[in-house]
Amino acid sequence: MKTLILSALLCAVITLTRAAGEHHILERSTSCPSGWTKISDRCFLFVPRTMTWAEAERNCLSLGAHLASVRRAEEYHQIQRLIADKTHGNPQTWLGASDAAQERFWFWSDGTPFTFSYWCKGEPNNLRGQHCLQINHGDNKCWDDVQCHTRLPSVCIKKTN
């Protein structure tokens, strides 16, 4: 009987290990709250409800988070996959960058250094006072500055526990 139970547990562990290996980029983790997705060393949450940039940031703050920052291209593509998994599409979505405080001085609301960007050609252009960053813009699904009162879904970020 012990051998049968041990064999069943071993099979379960092997199956779970293989499943985890197939989805190593977007992984659920006990270090992230329920419903959040671990990407690299941080937890991300797609929020489908459309809000202005300020409302979206306030919503993330209420969850102990900020609108998401991006540190490198791989991380950006993982965030895009997270959105696509939740929406079965690529909707334009708020991230946590803004230059509202000072034109052409972009910063992340969570304090991450703004060292990576994926702007669309000709962006950011500050057309009619655009100061907030949306992703999944145009055919290349790149970044665009947009007016902050636009209503979009968003992605929140928090550090892992």
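**Exercise 1. Which residues do ring pairs link into a cluster?**

Before you start: this is a predicted model, where local features need pLDDT of at least 70, side-chain atom pairs count only at pLDDT 80 or more, and totals for chains, interfaces and linings use all residues. Residues are numbered from 1 along each chain as its sequence is written, and side-chain values use heavy atoms, with hydrogens and water left out.

*Solution.* 
- Step 1: get the rule. Rings of Phe, Tyr and Trp (its six-membered ring) pair if their centres lie within 6.5 Å; planes under 30 degrees apart are stacked, over 60 edge-to-face, and the rest tilted.
- Step 2: count. This rule gives nine aromatic pairs.
- Step 3: Tyrosine 76 and tryptophan 143 have ring centres 5.8 Å apart and planes at 80 degrees, so they pair edge-to-face. Tyrosine 76 sits in helix H3 (residues 73-87) and tryptophan 143 in strand S7 (residues 142-146), 67 residues apart. (Helices, H or I, of at least four residues and strands, E, of at least two are DSSP runs, numbered from the N terminus.)
- Step 4: link them up. The cluster holds Tyr76, Trp106, Trp108, Phe114, Phe116, Tyr118, Trp119 and Trp143.

**Exercise 2. Work out why the buried residues of H2 line one face of the helix.**

*Solution.* 
- Step 1: list them. In H2 (residues 53-62), Trp53, Ala56, Glu57, Asn59 and Cys60 are buried. Buried means under 20% relative accessible area, exposed over 50%, partly exposed in between (1.4 Å probe, protein chains only).
- Step 2: look down the axis. The buried residues fall within an arc of 160 degrees (taken from the directions from the helix axis to the C-beta atoms), so they line one face.
- Step 3: check the face turned away from the buried side. That one carries exposed Arg58 and Ser62.
- Step 4: find the packing partners. The buried residues pack against strands S2 (42-51), S3 (66-67), S4, S6 (132-137) and S8 (152-159).

**Exercise 3. Is aspartate 99 buried or exposed, and which side chain of opposite charge is nearest?**

*Solution.* 
- Step 1: locate it. Aspartate 99 is in the loop between S4 (93-98) and S5 (107-108).
- Step 2: answer. Aspartate 99 is buried, and the nearest oppositely charged side chain is arginine 104, 6.8 Å away.
- Step 3: Aspartate 99 has none.

Note on methods. Lys, Arg positive; Asp, Glu negative; His and termini not counted. Salt bridge = Lys/Arg side-chain N within 4 Å of Asp/Glu carboxyl O. Contact = heavy atoms within 4.5 Å.
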